[in-house]
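Hi,

Here is the structure I promised to pass on. Have a look at it first, and then read my notes below.

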Amino acid sequence: MDILNTHPAPDRDEPVWTPPGGPPQTDRIPDAVYHAMGEENITAFFHAFYRRLGESAVAHMFPKSERNLMRAADKSAAMFVFLFGGPHLYQQKYGRPMMRARHLPFVIDEAARQEWLRCYRETLDEAPEKYAMPGEHVGAVWKFVVDFSGWMVNTKKENT
Ligand code: HEM
């Protein structure tokens, strides 16, 4: 689906809402995270995270079949290889990130963001033990995703 350059996105009825603060000015994640984990552990982290998403309150947004869910996880993992301080894997494979634009087909309100963050937090909590994430950098990863996920919110519902 070519969702880029289409505004508002074709699959949604709800108007697009843009967070008034603009893109977050958030600190970079130390590249020690990539160096400790490597691509393999980062991919394993995202498979576990997407399994949680697949059973969450936002599961309807994600592919239903295990195969396609894991493909989607691989895409996100490629992005996080870069965000954790590794090579520009996502950019090499898929082009410019344009993260907010790529999320526009999905109706993401604050409640969806919080559910996404809950799944991320649970995966993060087991990351030092299971995926070799350095424990001292878990806080920096969490701060990044809390800040950056706010910019993925594109729908304003009452009381959120
Ligand atoms: C730190 C914030 C986030 C980052 C860095 C991120 C990253 C990504 C990336 C790289 C993709 C693949 C995009 C593509 O190439 O098509 C993706 C897809 C997606 N993201 Fe996010 N995301 C974030 C937050 C969120 C939030 C808060 C939600 C809300 C539930 C969300 C829902 C989705 C969905 C539904 C997809 C499509 C999955 C599919 O391929 O079917 N994301 N995300």
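**What I found**

The protein chain has 7 helices and 0 strands; helices (H or I, at least four residues) and strands (E, at least two) are DSSP runs, numbered from the N terminus. The radius of gyration, taken over C-alpha atoms, is 15 Å for the protein chain, close to the 15 Å that the globule rule gives for 160 residues, so the chain is as compact as a globular protein of that length. That rule is 2.2 Å times the number of residues to the power 0.38. Along its principal axes, the C-alpha trace spans about 45 × 35 × 30 Å.

Before you go further: this is a predicted model, in which local features need pLDDT of at least 70, side-chain atom pairs count only at pLDDT 80 or more, and totals for chains, interfaces and linings use all residues. Residues are numbered from 1 along each chain as its sequence is written.

The pLDDT is the predictor's confidence in each residue, from 0 to 100. Its mean for the protein chain is 92, and 91% of the residues reach 70 or more. Take care with residues 1–8, where the pLDDT is below 50; beyond near neighbours in sequence, this stretch has 11 contacts in the model. (Two residues are in contact if their C-beta atoms, placed from the backbone, lie within 7 Å.)

**Around the ligand**

The ligand is surrounded by 21 residues, and the closest are M61, A72, M79, W116 and F148. Here a residue counts as near if its C-beta atom, placed from the backbone, lies within 6 Å. Which helix gives the most to this shell? That is α2, with 4 residues. At least two residues each come from α2 (66–83), α4 (99–103), α5 (110–125) and α7 (138–150).

**Inside the protein**

Buried residues (20 or more other C-beta atoms within 10 Å of their own, C-beta atoms being placed from the backbone) make up 19% of the 160 residues. The largest nonpolar core has 26 residues, and I42, F46 and F84 have the most contacts inside it. Such a core is a set of buried Ala, Val, Leu, Ile, Met, Phe, Trp, Tyr and Cys residues joined through C-beta atoms within 7 Å. α1 (32–54), α2, α5 and α6 (127–131) each supply at least two residues of this core, and its largest share, 9 residues, comes from α1.

Cheers

Definitions and conventions. Buried ≥ 20, exposed ≤ 12 C-beta atoms within 10 Å, placed from the backbone.
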